[in-house]
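Dear colleague,

Please find below the structure that I am handing over to you.

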Amino acid sequence: MAGKVQVRWETASAATPMGQLACFIQFLHLTGLWSRWLAGCPLRYDSPNAPSIADVLGTWMLSILSGHRRYSHVTTIRGDGVNPGLLEMSKVVSEDALRKGLLRIPEAAGTTWLDGHLDESTAALLDAAWILDTDTTVKVLYGHQEGAVVAYNPKKPGRPSHSYHTYLMAGLRLVLGVEVHAGNEHSSKHGQPGLLKILDALPLAKKPKLVRGDNGYGTDGLMAALEEREQPYLFKLKLSKNVKRHISRLCDGTDWTDAGQGWEGKEGQLALQGWDHKRRVVVLRRPLTHEQVAQDESGQLMLSFIEANRKTGKEITGHEYAVLVTNTGYEILSLGQLYRDRADAENAFDELKNQWGWGGYTTHDLHRCQLAARAVALIYNWWSLFVRLANPEARREAITSRPWLMTSVGRKTEHAGQTTVTLTGLHAHFAQARAALTRVSALLQGWVAETAEQLPDPSVWHVNGGEKPRQSGAEKRRSAWL
(Lines give C-alpha, C1' and ligand atoms only; values in the text may rest on other atoms or scores of the structure.)
Protein backbone atom coordinates (compact mmCIF):
# COMPACT_ATOMS: atom_id res chain seq x y z
CA MET A 1 0.00 0.00 0.00
CA ALA A 2 3.05 2.26 0.39
CA GLY A 3 4.13 1.57 -3.19
CA LYS A 4 7.10 -0.45 -4.33
CA VAL A 5 9.49 -1.16 -1.46
CA GLN A 6 13.02 -2.51 -1.78
CA VAL A 7 14.00 -5.09 0.85
CA ARG A 8 17.67 -5.73 1.63
CA TRP A 9 18.78 -8.73 3.69
CA GLU A 10 21.83 -8.62 5.96
CA THR A 11 23.08 -12.02 7.10
CA ALA A 12 26.09 -10.91 9.16
CA SER A 13 25.09 -7.64 10.75
CA ALA A 14 26.40 -6.67 14.22
CA ALA A 15 22.92 -5.97 15.55
CA THR A 16 20.68 -7.17 18.36
CA PRO A 17 17.01 -6.79 19.37
CA MET A 18 18.15 -6.52 23.01
CA GLY A 19 20.37 -3.47 22.73
CA GLN A 20 19.80 -2.08 26.23
CA LEU A 21 20.99 -5.38 27.70
CA ALA A 22 24.48 -3.86 27.45
CA CYS A 23 23.71 -1.91 30.64
CA PHE A 24 22.73 -5.09 32.50
CA ILE A 25 25.91 -6.79 31.26
CA GLN A 26 27.89 -3.84 32.64
CA PHE A 27 26.11 -4.40 35.97
CA LEU A 28 27.21 -8.07 35.94
CA HIS A 29 30.81 -7.17 35.09
CA LEU A 30 31.30 -4.32 37.56
CA THR A 31 29.77 -6.26 40.46
CA GLY A 32 31.83 -9.36 39.64
CA LEU A 33 28.71 -11.53 39.45
CA TRP A 34 29.44 -12.77 35.93
CA SER A 35 33.12 -13.61 36.46
CA ARG A 36 32.46 -15.48 39.71
CA TRP A 37 29.60 -17.42 38.11
CA LEU A 38 31.92 -18.58 35.36
CA ALA A 39 34.82 -19.33 37.69
CA GLY A 40 32.75 -21.54 39.97
CA CYS A 41 30.99 -23.53 37.24
CA PRO A 42 31.80 -27.27 37.51
CA LEU A 43 31.36 -27.82 33.74
CA ARG A 44 34.43 -29.40 32.11
CA TYR A 45 35.15 -30.45 28.53
CA ASP A 46 37.86 -32.78 27.24
CA SER A 47 37.66 -31.96 23.53
CA PRO A 48 39.59 -28.93 22.22
CA ASN A 49 36.67 -28.26 19.85
CA ALA A 50 34.13 -27.98 22.66
CA PRO A 51 32.49 -24.62 23.40
CA SER A 52 33.83 -22.52 26.24
CA ILE A 53 32.10 -22.26 29.60
CA ALA A 54 31.30 -18.62 28.79
CA ASP A 55 29.57 -19.73 25.57
CA VAL A 56 27.37 -22.26 27.39
CA LEU A 57 26.48 -20.12 30.40
CA GLY A 58 26.11 -16.98 28.29
CA THR A 59 23.68 -18.74 25.95
CA TRP A 60 21.76 -20.03 28.96
CA MET A 61 21.51 -16.58 30.53
CA LEU A 62 20.53 -14.80 27.29
CA SER A 63 17.82 -17.39 26.72
CA ILE A 64 16.43 -16.95 30.25
CA LEU A 65 16.49 -13.16 29.96
CA SER A 66 14.65 -13.40 26.65
CA GLY A 67 11.74 -15.10 28.40
CA HIS A 68 12.26 -18.48 26.73
CA ARG A 69 10.54 -21.61 28.01
CA ARG A 70 12.17 -24.27 25.82
CA TYR A 71 15.73 -25.05 24.84
CA SER A 72 14.65 -24.94 21.20
CA HIS A 73 13.95 -21.22 21.60
CA VAL A 74 17.71 -20.63 21.78
CA THR A 75 17.67 -20.62 17.98
CA THR A 76 16.01 -17.19 18.04
CA ILE A 77 19.05 -15.49 19.64
CA ARG A 78 21.84 -17.17 17.65
CA GLY A 79 21.97 -14.18 15.31
CA ASP A 80 22.72 -11.70 18.10
CA GLY A 81 25.80 -9.82 16.98
CA VAL A 82 26.29 -7.61 20.04
CA ASN A 83 25.60 -9.14 23.46
CA PRO A 84 27.67 -12.34 23.12
CA GLY A 85 30.77 -10.22 22.48
CA LEU A 86 30.02 -8.06 25.52
CA LEU A 87 29.90 -11.26 27.60
CA GLU A 88 33.25 -12.37 26.09
CA MET A 89 31.53 -15.24 24.29
CA SER A 90 32.77 -16.50 20.95
CA LYS A 91 29.28 -17.62 19.85
CA VAL A 92 25.77 -18.54 20.96
CA VAL A 93 25.72 -22.34 21.13
CA SER A 94 22.95 -24.46 19.69
CA GLU A 95 20.12 -25.92 21.74
CA ASP A 96 21.69 -29.39 21.58
CA ALA A 97 25.07 -28.08 22.76
CA LEU A 98 23.33 -26.32 25.67
CA ARG A 99 21.42 -29.45 26.71
CA LYS A 100 24.54 -31.62 26.48
CA GLY A 101 26.62 -29.04 28.34
CA LEU A 102 24.20 -28.97 31.27
CA LEU A 103 24.16 -32.77 31.31
CA ARG A 104 27.94 -32.74 31.88
CA ILE A 105 27.58 -30.72 35.09
CA PRO A 106 27.72 -33.15 38.06
CA GLU A 107 24.45 -33.11 39.98
CA ALA A 108 25.81 -32.45 43.48
CA ALA A 109 28.45 -29.95 42.34
CA GLY A 110 25.96 -28.15 40.09
CA THR A 111 23.34 -27.62 42.78
CA THR A 112 26.01 -26.50 45.27
CA TRP A 113 27.39 -24.04 42.71
CA LEU A 114 23.99 -22.46 41.93
CA ASP A 115 22.82 -22.49 45.56
CA GLY A 116 25.98 -20.61 46.53
CA HIS A 117 25.27 -17.87 44.01
CA LEU A 118 21.62 -17.68 45.09
CA ASP A 119 22.88 -17.13 48.64
CA GLU A 120 25.24 -14.42 47.44
CA SER A 121 22.47 -12.60 45.56
CA THR A 122 20.51 -12.05 48.80
CA ALA A 123 23.08 -12.19 51.63
CA ALA A 124 23.82 -8.45 51.58
CA LEU A 125 20.12 -7.67 52.06
CA LEU A 126 19.42 -9.84 55.12
CA ASP A 127 20.70 -7.41 57.75
CA ALA A 128 17.30 -5.70 57.90
CA ALA A 129 14.24 -7.40 59.39
CA TRP A 130 12.74 -9.69 56.77
CA ILE A 131 10.19 -12.50 56.32
CA LEU A 132 10.75 -15.86 54.66
CA ASP A 133 7.78 -17.11 52.62
CA THR A 134 7.66 -20.78 51.68
CA ASP A 135 5.27 -22.42 49.24
CA THR A 136 4.93 -25.12 46.61
CA THR A 137 4.00 -24.50 43.00
CA VAL A 138 3.03 -27.11 40.41
CA LYS A 139 4.64 -27.38 36.98
CA VAL A 140 2.50 -29.31 34.50
CA LEU A 141 4.34 -31.84 32.30
CA TYR A 142 3.38 -33.31 28.94
CA GLY A 143 6.02 -35.99 28.30
CA HIS A 144 7.75 -38.90 29.97
CA GLN A 145 10.06 -37.06 32.36
CA GLU A 146 11.70 -38.39 35.48
CA GLY A 147 9.49 -37.52 38.45
CA ALA A 148 6.43 -36.88 36.27
CA VAL A 149 3.75 -38.23 38.62
CA VAL A 150 0.01 -37.64 38.65
CA ALA A 151 -0.81 -35.91 41.94
CA TYR A 152 -2.22 -32.61 43.19
CA ASN A 153 -2.73 -30.44 40.12
CA PRO A 154 -5.45 -27.77 40.44
CA LYS A 155 -5.04 -26.40 36.91
CA LYS A 156 -5.08 -29.65 34.94
CA PRO A 157 -6.22 -32.57 37.10
CA GLY A 158 -4.93 -35.93 35.93
CA ARG A 159 -1.87 -34.46 34.23
CA PRO A 160 1.59 -35.42 35.62
CA SER A 161 3.66 -32.67 37.18
CA HIS A 162 6.73 -31.57 39.10
CA SER A 163 6.57 -29.79 42.46
CA TYR A 164 8.69 -26.67 42.97
CA HIS A 165 9.40 -26.02 46.67
CA THR A 166 10.36 -22.37 46.90
CA TYR A 167 11.80 -20.19 49.65
CA LEU A 168 11.27 -16.50 49.03
CA MET A 169 12.37 -13.23 50.63
CA ALA A 170 9.10 -11.36 51.11
CA GLY A 171 8.72 -7.77 49.97
CA LEU A 172 11.69 -7.76 47.61
CA ARG A 173 10.46 -11.05 46.07
CA LEU A 174 13.94 -12.54 45.82
CA VAL A 175 14.38 -16.30 45.69
CA LEU A 176 16.48 -17.81 48.48
CA GLY A 177 16.24 -21.36 47.17
CA VAL A 178 14.20 -23.77 45.05
CA GLU A 179 14.02 -27.54 44.82
CA VAL A 180 12.31 -29.64 42.16
CA HIS A 181 10.55 -32.79 43.37
CA ALA A 182 8.31 -35.39 41.81
CA GLY A 183 4.66 -34.43 41.41
CA ASN A 184 3.53 -36.50 44.39
CA GLU A 185 6.09 -34.84 46.70
CA HIS A 186 4.23 -31.57 47.06
CA SER A 187 3.54 -31.59 50.81
CA SER A 188 5.47 -29.54 53.33
CA LYS A 189 7.39 -32.54 54.66
CA HIS A 190 9.25 -32.74 51.33
CA GLY A 191 10.11 -29.04 51.43
CA GLN A 192 11.04 -29.02 55.12
CA PRO A 193 14.66 -30.23 54.67
CA GLY A 194 15.39 -27.44 52.21
CA LEU A 195 13.81 -24.82 54.45
CA LEU A 196 15.75 -25.97 57.51
CA LYS A 197 18.96 -26.09 55.50
CA ILE A 198 18.56 -22.41 54.58
CA LEU A 199 17.72 -21.40 58.14
CA ASP A 200 20.61 -23.36 59.68
CA ALA A 201 23.10 -21.81 57.24
CA LEU A 202 22.17 -18.23 58.19
CA PRO A 203 23.97 -16.49 61.07
CA LEU A 204 21.76 -15.36 63.94
CA ALA A 205 21.77 -11.70 62.87
CA LYS A 206 20.52 -12.59 59.37
CA LYS A 207 17.78 -15.06 60.27
CA PRO A 208 14.21 -14.10 59.27
CA LYS A 209 11.95 -12.47 61.81
CA LEU A 210 9.15 -14.75 60.63
CA VAL A 211 8.68 -17.90 58.55
CA ARG A 212 5.31 -17.79 56.81
CA GLY A 213 3.28 -20.37 54.87
CA ASP A 214 -0.22 -21.47 53.96
CA ASN A 215 -2.27 -24.33 55.42
CA GLY A 216 0.02 -26.93 53.92
CA TYR A 217 2.76 -25.91 56.38
CA GLY A 218 0.82 -25.88 59.65
CA THR A 219 2.06 -29.36 60.56
CA ASP A 220 3.44 -30.53 63.88
CA GLY A 221 6.72 -31.77 62.36
CA LEU A 222 7.63 -28.42 60.80
CA MET A 223 6.45 -26.32 63.73
CA ALA A 224 8.34 -28.49 66.22
CA ALA A 225 11.54 -28.14 64.13
CA LEU A 226 11.15 -24.34 64.05
CA GLU A 227 10.39 -24.19 67.78
CA GLU A 228 13.53 -26.20 68.48
CA ARG A 229 15.48 -23.53 66.60
CA GLU A 230 13.56 -20.69 68.35
CA GLN A 231 12.41 -19.50 64.94
CA PRO A 232 9.16 -17.46 64.89
CA TYR A 233 6.54 -18.71 62.42
CA LEU A 234 3.03 -17.94 61.19
CA PHE A 235 1.05 -20.61 59.35
CA LYS A 236 -2.55 -21.21 58.40
CA LEU A 237 -4.34 -24.33 59.65
CA LYS A 238 -6.58 -26.55 57.57
CA LEU A 239 -10.22 -26.44 58.65
CA SER A 240 -10.32 -29.99 59.96
CA LYS A 241 -13.09 -31.28 62.23
CA ASN A 242 -11.16 -30.48 65.41
CA VAL A 243 -10.35 -26.98 64.15
CA LYS A 244 -14.03 -26.41 63.34
CA ARG A 245 -14.96 -27.53 66.86
CA HIS A 246 -12.55 -24.95 68.22
CA ILE A 247 -14.20 -22.29 66.04
CA SER A 248 -17.66 -23.27 67.26
CA ARG A 249 -16.56 -22.89 70.88
CA LEU A 250 -15.38 -19.34 70.20
CA CYS A 251 -18.44 -18.28 68.20
CA ASP A 252 -20.59 -18.01 71.30
CA GLY A 253 -18.58 -15.09 72.67
CA THR A 254 -18.83 -11.46 71.66
CA ASP A 255 -15.32 -10.24 72.49
CA TRP A 256 -13.96 -10.33 68.94
CA THR A 257 -11.05 -8.00 68.19
CA ASP A 258 -10.59 -5.93 65.03
CA ALA A 259 -8.14 -7.70 62.69
CA GLY A 260 -8.23 -5.16 59.84
CA GLN A 261 -9.85 -5.04 56.40
CA GLY A 262 -13.22 -6.25 57.62
CA TRP A 263 -11.83 -9.17 59.61
CA GLU A 264 -12.18 -9.74 63.35
CA GLY A 265 -10.27 -12.21 65.47
CA LYS A 266 -10.12 -14.11 68.71
CA GLU A 267 -7.21 -16.10 70.07
CA GLY A 268 -6.92 -19.24 72.16
CA GLN A 269 -4.90 -22.40 72.77
CA LEU A 270 -5.34 -25.55 70.68
CA ALA A 271 -3.76 -29.00 70.68
CA LEU A 272 -4.75 -31.05 67.66
CA GLN A 273 -4.39 -34.81 67.45
CA GLY A 274 -0.71 -35.60 66.91
CA TRP A 275 0.56 -32.40 68.53
CA ASP A 276 2.62 -32.92 71.68
CA HIS A 277 1.60 -29.59 73.22
CA LYS A 278 -0.84 -26.71 72.86
CA ARG A 279 -0.09 -23.85 70.51
CA ARG A 280 -1.41 -20.34 70.16
CA VAL A 281 -4.06 -20.04 67.45
CA VAL A 282 -5.96 -17.01 66.18
CA VAL A 283 -9.39 -17.46 64.60
CA LEU A 284 -10.21 -14.81 62.01
CA ARG A 285 -13.64 -14.25 60.52
CA ARG A 286 -15.41 -11.76 58.31
CA PRO A 287 -19.13 -11.53 57.59
CA LEU A 288 -20.72 -12.69 54.36
CA THR A 289 -23.56 -10.39 53.32
CA HIS A 290 -24.97 -12.48 50.49
CA GLU A 291 -27.22 -15.52 50.58
CA GLN A 292 -25.30 -18.69 51.26
CA VAL A 293 -26.27 -22.34 51.21
CA ALA A 294 -24.19 -24.73 53.28
CA GLN A 295 -24.05 -28.50 53.75
CA ASP A 296 -23.90 -30.40 56.99
CA GLU A 297 -21.71 -33.49 57.45
CA SER A 298 -24.40 -35.77 56.01
CA GLY A 299 -24.59 -33.72 52.82
CA GLN A 300 -28.02 -32.23 53.64
CA LEU A 301 -28.48 -28.69 52.31
CA MET A 302 -29.29 -26.04 54.89
CA LEU A 303 -29.44 -22.27 55.01
CA SER A 304 -26.95 -20.34 57.14
CA PHE A 305 -28.20 -18.37 60.13
CA ILE A 306 -28.96 -14.72 59.40
CA GLU A 307 -27.96 -11.94 61.75
CA ALA A 308 -27.26 -8.22 61.49
CA ASN A 309 -23.78 -6.77 61.13
CA ARG A 310 -23.21 -4.49 64.11
CA LYS A 311 -21.14 -2.02 62.07
CA THR A 312 -22.97 -1.85 58.71
CA GLY A 313 -26.46 -3.01 59.65
CA LYS A 314 -26.53 -5.36 56.66
CA GLU A 315 -27.80 -8.87 57.04
CA ILE A 316 -25.08 -11.47 57.60
CA THR A 317 -25.72 -14.89 56.09
CA GLY A 318 -22.58 -16.42 57.53
CA HIS A 319 -18.87 -15.92 58.10
CA GLU A 320 -15.70 -16.80 56.29
CA TYR A 321 -13.16 -18.28 58.71
CA ALA A 322 -9.39 -18.63 58.77
CA VAL A 323 -7.29 -20.06 61.60
CA LEU A 324 -3.66 -19.06 62.11
CA VAL A 325 -1.11 -20.79 64.32
CA THR A 326 1.98 -18.97 65.60
CA ASN A 327 4.60 -18.92 68.32
CA THR A 328 4.96 -15.13 68.24
CA GLY A 329 3.54 -12.56 70.64
CA TYR A 330 2.12 -10.19 68.02
CA GLU A 331 -1.40 -8.91 68.63
CA ILE A 332 -4.32 -10.07 66.49
CA LEU A 333 -4.37 -6.99 64.26
CA SER A 334 -0.70 -7.43 63.32
CA LEU A 335 -1.05 -11.18 62.73
CA GLY A 336 -4.01 -10.67 60.43
CA GLN A 337 -2.11 -8.14 58.33
CA LEU A 338 1.08 -10.22 58.32
CA TYR A 339 -0.73 -13.18 56.85
CA ARG A 340 -2.63 -11.09 54.30
CA ASP A 341 0.70 -9.67 53.14
CA ARG A 342 1.68 -13.21 52.19
CA ALA A 343 -0.47 -12.80 49.06
CA ASP A 344 2.42 -10.83 47.56
CA ALA A 345 4.44 -14.07 47.40
CA GLU A 346 1.85 -15.53 45.03
CA ASN A 347 2.66 -12.74 42.58
CA ALA A 348 6.32 -13.82 42.57
CA PHE A 349 5.40 -17.45 41.84
CA ASP A 350 3.10 -16.30 39.04
CA GLU A 351 5.87 -14.16 37.55
CA LEU A 352 8.46 -16.93 37.70
CA LYS A 353 6.15 -19.47 36.05
CA ASN A 354 4.53 -17.27 33.40
CA GLN A 355 7.12 -14.59 32.65
CA TRP A 356 10.32 -16.54 33.29
CA GLY A 357 11.31 -20.12 32.65
CA TRP A 358 9.85 -22.08 35.55
CA GLY A 359 7.09 -23.35 33.32
CA GLY A 360 9.59 -24.78 30.84
CA TYR A 361 13.20 -25.91 30.28
CA THR A 362 12.04 -29.50 30.77
CA THR A 363 14.27 -32.50 30.10
CA HIS A 364 13.80 -36.23 30.59
CA ASP A 365 16.13 -36.25 33.61
CA LEU A 366 15.30 -34.46 36.84
CA HIS A 367 18.92 -33.31 37.28
CA ARG A 368 18.80 -30.69 34.52
CA CYS A 369 15.35 -29.56 35.69
CA GLN A 370 16.94 -28.85 39.08
CA LEU A 371 19.71 -26.83 37.46
CA ALA A 372 17.28 -24.91 35.24
CA ALA A 373 15.02 -23.99 38.17
CA ARG A 374 17.96 -22.62 40.15
CA ALA A 375 19.46 -20.80 37.15
CA VAL A 376 16.15 -19.10 36.35
CA ALA A 377 15.84 -18.05 40.00
CA LEU A 378 19.38 -16.66 39.98
CA ILE A 379 18.97 -14.64 36.76
CA TYR A 380 15.59 -13.47 38.08
CA ASN A 381 17.29 -12.20 41.27
CA TRP A 382 20.02 -10.42 39.31
CA TRP A 383 17.53 -8.79 36.97
CA SER A 384 15.22 -7.78 39.86
CA LEU A 385 18.08 -6.04 41.70
CA PHE A 386 19.21 -4.29 38.52
CA VAL A 387 15.68 -3.05 37.80
CA ARG A 388 15.40 -1.72 41.35
CA LEU A 389 18.55 0.33 40.73
CA ALA A 390 16.92 1.81 37.63
CA ASN A 391 13.49 2.20 39.22
CA PRO A 392 13.83 2.41 43.04
CA GLU A 393 10.31 3.72 43.61
CA ALA A 394 8.47 0.51 42.74
CA ARG A 395 9.04 -3.06 41.67
CA ARG A 396 8.41 -3.93 38.03
CA GLU A 397 7.63 -7.43 36.81
CA ALA A 398 9.45 -8.82 33.81
CA ILE A 399 6.50 -8.31 31.48
CA THR A 400 7.02 -4.55 31.85
CA SER A 401 10.70 -4.23 32.82
CA ARG A 402 12.18 -6.28 29.97
CA PRO A 403 10.53 -4.31 27.14
CA TRP A 404 11.39 -1.07 28.94
CA LEU A 405 15.01 -1.73 29.96
CA MET A 406 16.15 -4.41 27.53
CA THR A 407 14.35 -4.36 24.21
CA SER A 408 15.70 -1.89 21.67
CA VAL A 409 17.55 -2.21 18.39
CA GLY A 410 21.29 -2.11 19.04
CA ARG A 411 23.95 -1.82 16.34
CA LYS A 412 27.64 -2.25 17.13
CA THR A 413 30.32 -0.35 15.24
CA GLU A 414 34.08 -0.38 15.74
CA HIS A 415 36.44 2.43 14.74
CA ALA A 416 39.94 3.37 15.85
CA GLY A 417 39.91 0.71 18.54
CA GLN A 418 36.68 2.01 20.07
CA THR A 419 33.42 0.05 20.16
CA THR A 420 30.10 1.90 20.04
CA VAL A 421 26.63 0.41 20.49
CA THR A 422 23.95 2.64 18.97
CA LEU A 423 20.48 2.09 20.44
CA THR A 424 17.21 2.77 18.65
CA GLY A 425 14.30 2.73 21.06
CA LEU A 426 11.04 0.88 20.42
CA HIS A 427 9.35 1.62 23.76
CA ALA A 428 7.14 4.65 24.34
CA HIS A 429 9.18 5.45 27.48
CA PHE A 430 12.56 5.04 25.83
CA ALA A 431 13.68 8.48 27.03
CA GLN A 432 12.99 7.54 30.66
CA ALA A 433 14.83 4.24 30.18
CA ARG A 434 17.83 6.08 28.76
CA ALA A 435 17.93 8.43 31.74
CA ALA A 436 17.55 5.59 34.25
CA LEU A 437 20.22 3.37 32.67
CA THR A 438 22.66 6.26 32.29
CA ARG A 439 22.23 7.04 35.99
CA VAL A 440 22.77 3.39 36.97
CA SER A 441 25.89 3.16 34.82
CA ALA A 442 27.38 6.27 36.42
CA LEU A 443 26.49 5.00 39.90
CA LEU A 444 28.17 1.63 39.32
CA GLN A 445 31.31 3.19 37.88
CA GLY A 446 31.46 5.55 40.86
CA TRP A 447 31.34 2.63 43.27
CA VAL A 448 34.12 0.86 41.39
CA ALA A 449 36.31 3.98 41.38
CA GLU A 450 35.79 4.54 45.12
CA THR A 451 36.37 0.92 46.17
CA ALA A 452 39.13 -0.13 43.76
CA GLU A 453 41.93 0.70 46.19
CA GLN A 454 40.23 -0.63 49.31
CA LEU A 455 38.97 -3.93 47.87
CA PRO A 456 41.42 -6.34 46.24
CA ASP A 457 38.40 -8.14 44.77
CA PRO A 458 37.02 -6.10 41.83
CA SER A 459 33.49 -6.81 43.03
CA VAL A 460 31.48 -3.96 44.53
CA TRP A 461 28.63 -6.32 45.37
CA HIS A 462 29.15 -5.98 49.14
CA VAL A 463 30.14 -2.32 49.13
CA ASN A 464 27.36 -1.65 51.64
CA GLY A 465 29.36 -3.49 54.29
CA GLY A 466 32.10 -0.88 54.33
CA GLU A 467 32.72 2.75 53.48
CA LYS A 468 30.15 3.98 50.97
CA PRO A 469 31.07 6.38 48.17
CA ARG A 470 29.81 9.89 48.60
CA GLN A 471 26.38 10.34 47.05
CA SER A 472 23.87 13.10 46.68
CA GLY A 473 20.65 12.97 48.68
CA ALA A 474 18.72 11.65 45.68
CA GLU A 475 21.31 8.95 44.99
CA LYS A 476 21.22 7.87 48.65
CA ARG A 477 17.45 7.43 48.44
CA ARG A 478 17.73 5.50 45.18
CA SER A 479 20.32 3.05 46.53
CA ALA A 480 19.02 2.82 50.10
CA TRP A 481 17.62 -0.65 49.44
CA LEU A 482 21.18 -1.94 48.90
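Predicted model: local features only at pLDDT ≥ 70, side-chain atom pairs only at ≥ 80, totals over all residues.

Aromatic pairs

The structure holds 14 aromatic pairs. One of them joins Phe27 and Phe386, whose ring centres are 5.4 Å apart; their planes meet at 50°, so the pair is tilted. Phe27 belongs to helix α1 (residues 21–31) and Phe386 to helix α12 (residues 366–390), so this pair ties together parts that are 359 residues apart in sequence. Both Phe27 and Phe386 are buried.

A tilted aromatic pair is also formed by Trp34 and Trp37, with 5.9 Å from centre to centre and 55° between the planes. Here the two partners both lie in helix α2 (residues 33–39), three residues apart, which is about one turn of the helix. Trp34 has a relative accessibility of 2%, and because buried means under 20%, Trp34 counts as buried. Trp37 is buried as well, with a relative accessible area of 1%. Trp34 and Trp37 also belong to one aromatic cluster, together with Trp60, Trp113 and Trp382.

The charged patch

Which residues gather in a patch of positive charge on the surface? They are Lys241, Lys244, Arg245, Arg249 and Lys278. Lys241 lies in helix α9, which covers residues 241–251. The relative accessible area of Lys241 is 58%, so this residue is exposed, since exposed means over 50%.

Yours sincerely

Key
Residues numbered from 1 in each chain as written. Heavy atoms only, no water. Patch = residues over 30% accessible without salt bridge, like charges linked within 9 Å, V, L, I, M, F, W, Y side chains within 5 Å. Areas by Shrake-Rupley, 256 points an atom, 1.4 Å probe, with all protein chains shown as cover. Salt bridge = Lys/Arg side-chain N within 4 Å of Asp/Glu carboxyl O. Lys, Arg positive; Asp, Glu negative; His and termini not counted. Charge placed at Lys NZ, Arg CZ, Asp CG, Glu CD. Helix = DSSP H or I, 4+ residues; strand = E, 2+ residues; numbered from the N terminus. Buried < 20%, exposed > 50% of the residue type's maximum accessible area, 1.4 Å probe, protein only. Phe/Tyr/Trp six-rings, centres within 6.5 Å; stacked < 30°, edge-to-face > 60°.
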